[in-house]
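Subject: Structure for you to look at

Hello,

Here is the structure I said I would pass on. Please open it first, then read the notes below with it on the screen.

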Amino acid sequence: MDASGSKWGKVDRDLPVTGTMFIGEHRHSIDEKGRLQVPVKWRPKLAAGAVITKGFDGSLKFYPISAWQEIAEKLAKLPQSQPESRAYVRQTLAGAVDIELDKLGRVVVPGYLREYAHLSRQVILAGLFDHMEVWDEASWEKYQANIDQNTQEFTEVLKEIGI
């Protein structure tokens, strides 16, 4: 019991259930100007700004500015004496661009990033907890098919890390 005699204490009703969590898969299109509509439920998480950069497996990574700040600080601390660290930092930081949502909830994906990820008109926004990935729809489907074919391998790896 708390000081008021209440069994449960105070509940903070201002905290959103999902916090800054991005989950789910959303299909959208990119228009001829490179504008991509962000799902309505994710827009508040990007209101303070965001960063898009080169990702893995042919995707782009799309971070809210708060999550990006943490990533960038960690990257800046990587040892510059190691070629792999330098290469990853260069790809990630040099490939990054600050973006803001327009009043319609769209962001402009720069041409060099659209080219890097081979984005066509149809794309997938995949929520990955603290950020999202942007995939060309065909690349995403191919990637998902590969995962489905290798379920047993993934299961073994997950078991090893306790999931």
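His118 counts as exposed, at 60% relative accessibility; exposed means over 50% relative accessible area, buried means under 20%, and partly exposed is in between (1.4 Å probe, protein chains only). His118 sits in the loop between helix 3 (111-116) and strand 7 (122-127). Helices (H or I, at least four residues) and strands (E, at least two) are DSSP runs, numbered from the N terminus. The phi of His118 is positive, about 55 degrees, although His118 is not a glycine. Most residues other than glycine have a negative phi. Phe129 is another residue other than glycine with a positive phi, near 70 degrees. Phe129 lies in the loop between strand 7 and strand 8 (132-136), and at 55% relative accessibility Phe129 counts as exposed.

A note on the source: this is a predicted model, in which local features need pLDDT of at least 70 and side-chain atom pairs count only at pLDDT 80 or more, while totals for chains, interfaces and linings use all residues. Residues are numbered from 1 along each chain as its sequence is written, and side-chain values use heavy atoms, with hydrogens and water left out.

The chain as a whole

The chain has 5 helices and 8 strands. Starting at the N terminus, the order of the elements is β-β-β-β-α-α-β-β-α-β-β-α-α. Of the 163 residues in the chain, 33% are buried. Among the contacts (heavy atoms within 4.5 Å) with a separation of 6 or more, 59% are between residues 24 or more positions apart.

Val51 is in strand 3 (residues 50-54) and is buried, with a relative accessible area of 1%. Which residues does Val51 contact, leaving aside its neighbours within four places in sequence? They are Lys61, Phe62, Tyr63, Ile65, Trp68, Ala96, Val97, Asp98 and Ile99. Glu100 is 49 residues from Val51 along the chain, and the C-alpha atoms of the two are separated by 8.4 Å.

Arg114 is in helix 3 and is partly exposed, with a relative accessible area of 24%. Once its neighbours within four places in sequence are left aside, Arg114 is in contact with Ile30, Lys33, Gly34, Val109 and Leu119. From Arg114 to Asp136 the C-alpha to C-alpha distance is 9.0 Å, and the two are 22 residues apart in sequence.

Helix 1 and helix 2

Two packed helices are described by the angle between their axes and the distance between the axes. Helix 1 (residues 65-76) packs against helix 2 (residues 83-94) at an angle of about 150 degrees, and their axes are 10 Å apart. Axes here are lines fitted to C-alpha atoms, for helices over the stretch in contact, and angles run from 0 to 180 degrees between N-to-C directions. The two helices are therefore roughly antiparallel to each other; angles over 145 degrees count as roughly antiparallel, under 35 as roughly parallel, 65 to 115 as roughly perpendicular and the rest as oblique.

Helix 1 contributes Trp68, Ala72 and Leu75 to the contact, and helix 2 contributes Tyr88, Val89, Thr92 and Leu93. By class, this contact has 6 nonpolar, 1 polar and no charged residues. Here Ala, Val, Leu, Ile, Met, Phe, Trp, Tyr, Cys and Pro count as nonpolar, Asp, Glu, Lys and Arg as charged, and the others, Gly among them, as polar.

Salt bridges

Side chains of opposite charge can pair when their charged atoms come close. A salt bridge is a side-chain nitrogen of Lys or Arg within 4 Å of a carboxyl oxygen of Asp or Glu, and the count is 6.

One of them joins Arg27 and Glu137, whose closest N and O atoms are 2.9 Å apart. Arg27 lies in strand 1 (residues 25-29) and Glu137 in helix 4 (residues 137-149), so this pair ties together parts that are 110 residues apart in sequence. Arg27 also forms a salt bridge with Glu141, at 3.7 Å from N to O. Glu141 is in helix 4 too, so this pair ties together parts that are 114 residues apart in sequence. Both residues are partly exposed: Arg27 has a relative accessible area of 44% and Glu141 has 43%. Through shared partners, salt bridges join Glu25, Arg27, Glu137 and Glu141 into one network.

Arg106 and Asp102 form another salt bridge, at 2.8 Å from N to O. Asp102 counts as partly exposed, at 28% relative accessibility.

Regards
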